[in-house]
Amino acid sequence: MAGGLAALLDDIAVLARMAAASADDIAAASGRASVKAAGVVVDDTAVTPQYVRDVDPSRELPIVRRIATGSLGNKAIIIVLALLLSQFIPWILTPILMLGGVYLCYEGAEKVWERVSGHHEKATPVVEKGPDAEKRMVRGAVTTDFILSAEIMMIALNEVADEPFWSRAAILVVVGLFITALVYGVVAVIVKMDDIGLHLAGKDSPAAQRFGSGLVKAMPTVLEVISFVGMLAMLWVGGHILLVGLDELGATAPYHLVHLLEEPAAAVAGVGSVLGWLVNTVCSLLFGLVVGAVVVAIAHVIPRRRGESGSGTAAADADADAAGTGHAEH
């Protein structure tokens with residue numbers, strides 16, 4: 001009996017070590033997948049605070065919490081669909097990921113176009129009259145989050161596509177929970193930062209007043225920096241996804257060129273790995289910018305110019321009709 005108990009305890013110890021090793025593997029893979037999704041995470045963090053702008057301060061955190069809950073629901077749906085696709089139709093993941101990459105390039109290039117042209121899309125006020133205003137606000141934020149969450153989870157899945165099914169599932173759940181906590185934790189801090197600054201500015205201590213006033217003044221700059229970094233990150237991640245996807249589908253020339261440019265930088269002693277990464281990142285960003293610029297031109301610039309041309313033609317026709325009417329009256 002004692003020997004059987006010892007054998008059982010030994011088996012339990014082996015299983016525990018295996019479980020610990022598996023947990024370490026899942027944690028490591030989750031970390032890699034989360035890093036790859038960084039570009040979308042930064043953009044998500046930059047976008048979400050806009051939904052609680054001009055909201056009563058007492059409702060800011062509850063709204064962020066509702067959006068975060070909706071984001072978890074989005075990720076749960078996406079994880080189930082992604083796992084099914086990866087299990088039964090694995091070849092479709094690369095095209096889907098590339099479509100997401102095109103979307104990221106488009107979003108990043110559109111932000112670049114807005115900065116260059118000065119034509120910013122008119123912001124929709126988040127404060128509306130009526131009892132359903134908050135529900136509409138949350139619904140809009142969760143809908144936007146679905147697109148960003150889908151891209152995050154697909155990037156994460158692509159990083160762990162070779163793992164067993166249940167390991168993939170565990171890794172995606174860990175990534176989903178970690179990313180959601182990170183994004184909406186940072187968002188909660190950002191949206192309350194000005195309130196914290198105002199509170200400190202009202203203190204009796206001159207140091208607290210200066211710090212609070214500086215905090216309030218710094219928030220627009222902080223949001224602008226986050227937005228700018230998010231724009232670059234989307235172009236980088238989107239461009240890299242497209243380069244790798246094209247390479248996997250047989251169009252190897254673009255990514256081969258990137259590797260040729262990367263090799264001399266990577267050979268520099270001491271800082272080669274950093275320089276190689278920088279070259280790869282810049283090339284991916286530029287490729288993403290080119291692809292995004294093409295999509296932006298198709299989606300916005302060309303239709304707008306056609307509309308302006310049509311307006312000019314209509315105005316000319318109207319002038320001609322007026323001139324004709326004048327001649328007829330004479």
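Reply: Helices here are DSSP runs of H or I with at least four residues, strands are E runs of at least two, and both are numbered from the N terminus. The model is predicted, so local features need pLDDT of at least 70 and side-chain atom pairs pLDDT 80 or more, while totals for chains, interfaces and linings use all residues. Residues count from 1 along each chain as its sequence is written, and side-chain values use heavy atoms, without hydrogens or water.

Take helix α8, residues 253–266. It has 14 residues. From first C-alpha to last it reaches 20 Å, close to the 20 Å expected at 1.5 Å a residue. That expected span is 1.5 Å times one less than the number of residues.

Which residues of α8 are buried? They are Tyr 255, Val 258, Glu 262 and Ala 265. Buried means under 20% relative accessible area, exposed over 50%, and partly exposed in between, with a 1.4 Å probe and protein chains only. These four cover an arc of only 70° around the axis, so they sit on the same side of α8. The arc is taken from the directions between the helix axis and the C-beta atoms. An α-helix has 3.6 residues a turn, so residues three or four places apart point the same way. The face of α8 turned away from the buried side carries exposed residues: Ala 253, Glu 263 and Pro 264.

Tyr 255 leads on to α7. His 240 lies 15 residues from Tyr 255 in sequence, and their C-alpha atoms are 8.9 Å apart. His 240 belongs to helix α7. It is buried, at 16% relative accessible area.

Helix α7 covers residues 206–248, and its axis comes within 8 Å of the axis of α4, residues 93–117. The two cross at roughly 145°. Axes are lines fitted to C-alpha atoms, for helices over the stretch in contact, with angles from 0 to 180 degrees between N-to-C directions. The crossing of α4 past α7 is left-handed, meaning that the near helix is turned anticlockwise from the far one by less than a right angle. Residues of this contact split into 15 nonpolar, seven polar and five charged. Nonpolar covers Ala, Val, Leu, Ile, Met, Phe, Trp, Tyr, Cys and Pro; charged covers Asp, Glu, Lys and Arg; the others, Gly among them, are polar.

Now α4 itself. Gly 118 follows α4, with a positive phi near 80°.

Phe 287 is partly exposed, at 24%. Its C-alpha is 8.2 Å from that of Trp 236, 51 residues away in sequence.

Ser 71 lies in α3, residues 57–88, and is buried at 0%. Ser 71 and Thr 144 are 73 residues apart in sequence, yet 9.5 Å apart C-alpha to C-alpha. Ser 149 is in α5, residues 133–159, and is also buried, at 0%. Its side chain makes a 3.0 Å polar contact with that of Lys 75. A polar contact pairs N or O atoms within 3.5 Å; within protein, one must be able to donate a hydrogen and the other to accept it, and sequence-adjacent residues count only if both atoms are side-chain atoms.

Finally, the whole chain. It has nine helices and zero strands. Of its 330 residues, 35% count as buried.
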